[in-house]
Amino acid sequence: MIRMSESNEETIKELSSTQLSLERTILSHERTMMSWVRTSTSLITFGFTIYKFFQLELQNRPPLQGAIGPRQFAVLMISIGLFSLMIATIQYRVYRTGLRRRYPGTPPVSLVGVVAALISLLGLVALAAVLFRL
């Protein structure tokens, strides 16, 4: 039976505590990023849905007179969704880079970044469809 000294036990507890704190911090950043992805997805899909709904609804009618039409509203909503996702991704990357500098064992790639990139592509396709009236 190997007996550890008290200082070794304290070092192991400290390492475990630090590692668990790091994992909690990483997961917290990922949850926040996923919240931004969810919000951005809602804005993008809401904008595109508004555009398509009014495109079908007003097909044989004269254009609406007003300060902002459905197409402009859709472009605005999709743009806000893309912009918020871009800002959230930049913030997430800054936090991840800081953690990697302080703790070299931090994984460099996260699934959240991949999901954010895919949603950005979806948003760009939706924006192009609205802008080019597809």
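This is a predicted model. Begin by selecting S84, which is found in helix α2. Is this residue, S84, buried or exposed? S84 has a relative accessible area of 12%, and because buried means under 20%, S84 is classed as buried.

Next, display the side chain of S84 together with the backbone of G81. The S84 side chain reaches the backbone oxygen of G81 at 3.0 Å.

Now turn to the aromatic rings. How many aromatic pairs are there? The count comes to 2 aromatic pairs. For one of them, select F46 and F73, whose rings lie 6.2 Å apart centre to centre, with 85° between the planes. This arrangement is edge-to-face. The pair links distant parts of the chain, with F46 in helix α1 (residues 6-57) and F73 in helix α2 (residues 70-102), 27 residues apart.

Finally, select F53 and F54. Their ring centres are 5.2 Å apart and their planes stand at 80°, so this pair is edge-to-face. As to accessibility, F53 counts as partly exposed at 47%, while F54, with a relative accessible area of 28%, is partly exposed as well.

Technical notes
Residues are numbered from 1 along each chain as its sequence is written. This is a predicted model: local features need pLDDT of at least 70, side-chain atom pairs count only at pLDDT 80 or more; totals for chains, interfaces and linings use all residues. Side-chain values use heavy atoms; hydrogens and water are left out. Rings of Phe, Tyr and Trp (its six-membered ring) pair if their centres lie within 6.5 Å; planes under 30 degrees apart count as stacked, over 60 as edge-to-face and the rest as tilted. Helices (H or I, at least four residues) and strands (E, at least two) are DSSP runs, numbered from the N terminus. Buried means under 20% relative accessible area, exposed over 50%, partly exposed in between (1.4 Å probe, protein chains only). A polar contact is a pair of N or O atoms within 3.5 Å; within protein, one must be able to donate a hydrogen and the other to accept it, and residues adjacent in sequence count only if both atoms are side-chain atoms.
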